[in-house]
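Open the structure in your viewer and keep the selection tool at hand. Each stop below says what to select and what is there.

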Amino acid sequence: MPADGDADSAVLRGACVVLGVTGGVAAYKAVEICRRLVDAGAHVVPVLTRAATEFVGAATFSALASEPVQTALFGGPDPIPHTRLGRRADLVVVAPATARLIGEYAAGISADLLVATLLATRAPVLICPAMHTEMWEHPAVQDNVARLVARGVAVVEPAAGRLAGGDTGTGRLADPADIVAAAAALLRRPRERARDLEGVRVLVTAGGTREPLDAVRVIANRSSGRQGHALAEEAAARGARVRLVTAAELDAPAGVEVVRVETAAQLASAVHAAAPESDVIVMAAAVADFRPAAPIPGKWKKRDGPPPLLLEPTEDVLAALGARRRPGQVLVGFAAEAAAGPAALVAAARAKLEEKGADLVVANDVREPGAGFGGETNAVTIVGRTGEPTRVPLGSKRTIAAAVLDAVVRLRAAGSPPTGQQGDEQ
Ligand code: CTP
């Protein structure tokens, strides 16, 4: 995540940040995070677990931070330090976060002052895990992280690199500069995003289409539609007039006009009907690329053996929109890929962007933990025509939606003519 120093300082200045530090080798890097937060003008309250004090001296933090280190639930001057800390905090950052801390927080077990503070606070929380690769990849840890993310906790994923004991792999604490940038982004979110799509007409598609084979059987895909619904919800919350064309069996988000469809053809006609009056189109649906050429009327009987299965291509809706959109309209596509690494993912997204004439492509690697179809979380890379791709780490689908719409807002601000002032497309 690129750090924008001045903008970060503006949002961090005066903010009360509880900096939780747990017992891992990376605890020494929390000193650098503390210093950066203080330099940006934040009021930093360090909370160290007992294990953290084995790795780095409390005196170091006390000297750098805005207040002395706190470590214990009991024995200090305050009989209920966790509720006081939780209420004062504008933000809680835990770096490094061990598997134990993540597990106790996910399970709601307040074994020490830091977990008790996390459970007592209503402020946004940023968790920065660091541990050995095997531990990070263990299903128990991944499940706990996913539970926290689904509850709205932000996570800066560990990076690949050298680990304790001379090992290498994923599990190393993310760069302190990236952690401070993520902290600033979290504080900025409610204040500045508020209504930045006021009156903008946004068309979103969602879900996986189902193509009939006969009267009871369909060809479908694994898309749940949650990412598209989260996009519609987030756009509406930011003031947009949203139409959601959905093939998903999910409730309609509040304040959104919903068109329910089942097949690729129905989705295409609903989209083409709304496209001329849309300022932004986000194609999050997993549209079938092929459908049975001649669906069987009635129900095919098993005794007749396997049914004939001749497929024909469907319309590529995104490519059609890209070929005949009006100037100023922002077109966002999605790309679910099984890529061999981040560079291959970006290359595949770029190719799709060119092929289909989109302005942005939101790519995810379906093999990455937490980023596949169907779950509550996602992790994406947003690729545009210019500039560096933006990596959006593992987060709730609503958080991903917010990052996608941030990119749309930036694109509109960078030169697209404002809403409804161009000539009509045709
Ligand atoms: N899309 C579409 N119409 C289709 C198929 C896909 O509009 N018939 C859109 C999707 O909504 C998505 C984007 O195209 O925004 C990319 O879809 P994807 O399935 O990843 O790409 P394909 O073009 O189908 O290529 P492939 O499956 O070979 O990767």
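**First stop: a buried pair**

Select Arg326, which counts as buried at 4% relative accessibility. The model you are looking at is predicted. Arg326 and Asp279 form a salt bridge, and their closest N and O atoms are 3.0 Å apart.

**Second stop: the two domains**

Zoom out and colour residues 4-193 as domain 1 and residues 201-414 as domain 2. The centres of domain 1 and domain 2, taken over C-alpha atoms, are separated by 35 Å.

How many residues of domain 1 are in contact with domain 2? Nine residues of domain 1 touch 15 residues of domain 2. The size of an interface is often given as the accessible area lost when the parts come together. For domain 1 and domain 2 that area is about 880 Å², with 56% of it on carbon and sulfur atoms.

Between domain 1 and domain 2 the count is one salt bridge. To see a salt bridge with named partners, select Arg391 and Glu157, whose side chains meet at 3.4 Å, N to O. The count of residue pairs in polar contact between domain 1 and domain 2 is also one, with both residues at pLDDT 80 or more. On the side of domain 1 that touches domain 2, helix α9 (residues 139-150) gives the most, with five residues. By class, that side of domain 1 has five nonpolar, one polar and three charged residues.

Is Gln142 buried or exposed? Gln142 is buried, with a relative accessible area of 15%. Leaving out residues up to four places away in sequence, Gln142 touches Trp136, Glu137 and Pro369.

Next select Asn144, also found in helix α9. Asn144 is buried, and its relative accessible area is 15%. The side chains of Asn144 and Arg147 are joined by a polar contact of 3.2 Å. Show the surroundings of Asn144 as well: not counting residues up to four places away in sequence, Asn144 touches Ile102, Gly103 and Ala106.

Move to helix α6 (residues 99-107) and select Arg100 and Glu104. These two residues form a salt bridge, with the closest N and O atoms 2.5 Å apart. Why are they separated by about one helical turn? Because Glu104 and Arg100 are four residues apart in helix α6, about one helical turn separates them. Glu104 is buried, with a relative accessible area of 14%, whereas Arg100 is partly exposed at 37%.

The side chains of Asp112 and Arg100 meet in a salt bridge of 3.3 Å, N to O. This pair links distant parts of the chain: Asp112 is in the loop between α6 and α7 (113-120), Arg100 is in helix α6, and they are 12 residues apart. Asp112 counts as buried, at 15% relative accessibility.

Select Asp196, Glu233, Glu234, Arg238, Arg398 and Asp406 together; salt bridges link them in a network. The structure as a whole holds 26 salt bridges.

**Last stop: an exposed glycine**

Finish at Gly255, in the loop between β11 (241-246) and β12 (257-260). Gly255 is exposed, with a relative accessible area of 71%; the cut-off for exposed is over 50%. Now use the distance tool on the C-alpha atoms of Gly255 and Ala183. What distance separates these C-alpha atoms, 72 residues apart along the chain? The C-alpha atoms of Gly255 and Ala183 are separated by 30 Å.

Technical notes: Residues are numbered from 1 along each chain as its sequence is written. This is a predicted model: local features need pLDDT of at least 70, side-chain atom pairs count only at pLDDT 80 or more; totals for chains, interfaces and linings use all residues. Side-chain values use heavy atoms; hydrogens and water are left out. Domain bounds come from an automatic or database domain assignment. Contact means heavy atoms within 4.5 Å. Buried area is the accessible area (1.4 Å probe) that two parts lose on being put together, summed over both. A salt bridge is a side-chain nitrogen of Lys or Arg within 4 Å of a carboxyl oxygen of Asp or Glu. A polar contact is a pair of N or O atoms within 3.5 Å; within protein, one must be able to donate a hydrogen and the other to accept it, and residues adjacent in sequence count only if both atoms are side-chain atoms. Helices (H or I, at least four residues) and strands (E, at least two) are DSSP runs, numbered from the N terminus. Ala, Val, Leu, Ile, Met, Phe, Trp, Tyr, Cys and Pro count as nonpolar, Asp, Glu, Lys and Arg as charged, and the others, Gly among them, as polar. Buried means under 20% relative accessible area, exposed over 50%, partly exposed in between (1.4 Å probe, protein chains only).
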